[in-house]
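Look at the sequence and the model side by side. The paragraphs below walk through them step by step.

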Amino acid sequence: MVANEQFEGDEDDLETRRIRKFRSAVRSQLSKMDKEESSKRKASARAYVINLLMSDSNSQNLIPEFEELSTTPETTEIPDYLTCKISFDLLTNPVLTQDGITYDESFLQQYLQKSSYTDPITRRQLDMLRTVPNRTISECVKDFVE
């Protein structure tokens, strides 16, 4: 039973990450559209994306999310090096692992508790006590937000 619960939790995490990645991709695409396309082409591209989502039964639940994001007046693409590799969101408290990968501390702690303390990318054993604050990335995040 415990293995099934853990598996279901992993599926929820995967779905959450998939949605966050989708949000990031949509924001990125909308940002490009804002810079490059006229309002008529934006409407056409928006309709195209909605049709794509409607054609895939697994993605239909994302239509309201896309509509909400597509009406957001201003979007900014977040550089990959400023996003957490687990949540795909802007880093708020970046920590560096012994393998040289930066994660958001809270998401890394949550992930490690569910994953037998293995790194999400390298799959090597990982101890939170061996992580250090990534002050360089923290400064980059502050500059980006300002």
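Helix 4 is followed by Ser116, whose phi is positive, near 60°. Helices here are DSSP runs of H or I with at least four residues, strands are E runs of at least two, and both are numbered from the N terminus. This is a predicted model, so local features need a pLDDT of at least 70 and side-chain atom pairs count only at 80 or more, while totals for chains, interfaces and linings use all residues. Residues are numbered from 1 along each chain as its sequence is written, and side-chain values use heavy atoms, with hydrogens and water left out.

Stay with helix 4, which spans residues 105–114. Which of its residues are buried? They are Leu108, Tyr111 and Leu112. Buried means under 20% relative accessible area, exposed means over 50%, and partly exposed lies in between (1.4 Å probe, protein chains only). An α-helix has 3.6 residues a turn, so residues three or four places apart point the same way.

Now step back to the whole chain. The protein chain has five helices and three strands. From the N terminus on, the order is α-α-α-β-β-α-β-α. The chain has 146 residues, and 29% of them count as buried. Contact means heavy atoms within 4.5 Å. Among contacts between residues at least 6 apart in sequence, 46% join residues at least 24 apart.

How far can you trust the picture? The predictor's confidence in each residue is called pLDDT, and it goes from 0 to 100. The protein chain averages 77, and 60% of the residues score at least 70. Confidence is lowest in helix 1 (residues 2–36), with a mean of 63, and highest in strand 1 (residues 94–96), at 96. Over residues 1–7 the pLDDT is below 50, and beyond near neighbours in sequence this stretch has one contact in the model. Where pLDDT is low, the predicted coordinates should not be read in detail.

Next, find the loop between helix 3 (63–70) and strand 1, where Leu82 lies. Is Leu82 buried or exposed? Leu82 is buried, with a relative accessible area of 1%. Leaving out residues up to four places away in sequence, Leu82 touches Asp89, Leu90, Leu91, Ile137, Cys140, Val141 and Phe144. Take Cys140 from that list. Leu82 and Cys140 are 58 residues apart in sequence, but 7.6 Å apart in space, C-alpha to C-alpha.

Thr83 is in the loop between helix 3 and strand 1 too. Thr83 is buried, at 9% relative accessible area. Again not counting residues up to four places away in sequence, Thr83 touches Ile78, Phe88, Asp89, Leu90 and Leu91. Phe88 is also found in the loop between helix 3 and strand 1. Phe88 has a positive phi of about 65°, although it is not a glycine. At 25% relative accessibility, Phe88 counts as partly exposed.

Move on to the loop between helix 4 and strand 3 (132–133), the place of Arg123. Phi of Arg123 is near 65°, a positive value in a residue other than glycine. Arg123 is exposed, at 52% relative accessibility. Arg130 is found in the loop between helix 4 and strand 3 as well. Arg130 is exposed, with a relative accessible area of 55%. Arg130 touches Leu96 and Gln98, not counting residues up to four places away in sequence.

Finally, look for pockets. On a 1 Å grid over the protein atoms alone, a pocket is an open set of points with protein on both sides within 12 Å along at least five of seven lines, and lining residues have an atom within 4 Å of a point. Grid points are joined across faces, edges and corners, and a volume is the space filled by probe spheres set on the points. The largest pocket has a volume of about 200 Å³. Of the 11 residues that line the largest pocket, the closest to its centre are Lys21, Ser24, Asp80, Thr83 and Phe88. The second largest pocket has a volume of about 150 Å³. Helix 1 and helix 4 are the elements that give two or more residues to its lining.

How values were computed:
1 Å grid on protein atoms, 1.4 Å probe; cavity = no way out; pocket = protein on both sides within 12 Å on 5 of 7 lines; lining within 4 Å.
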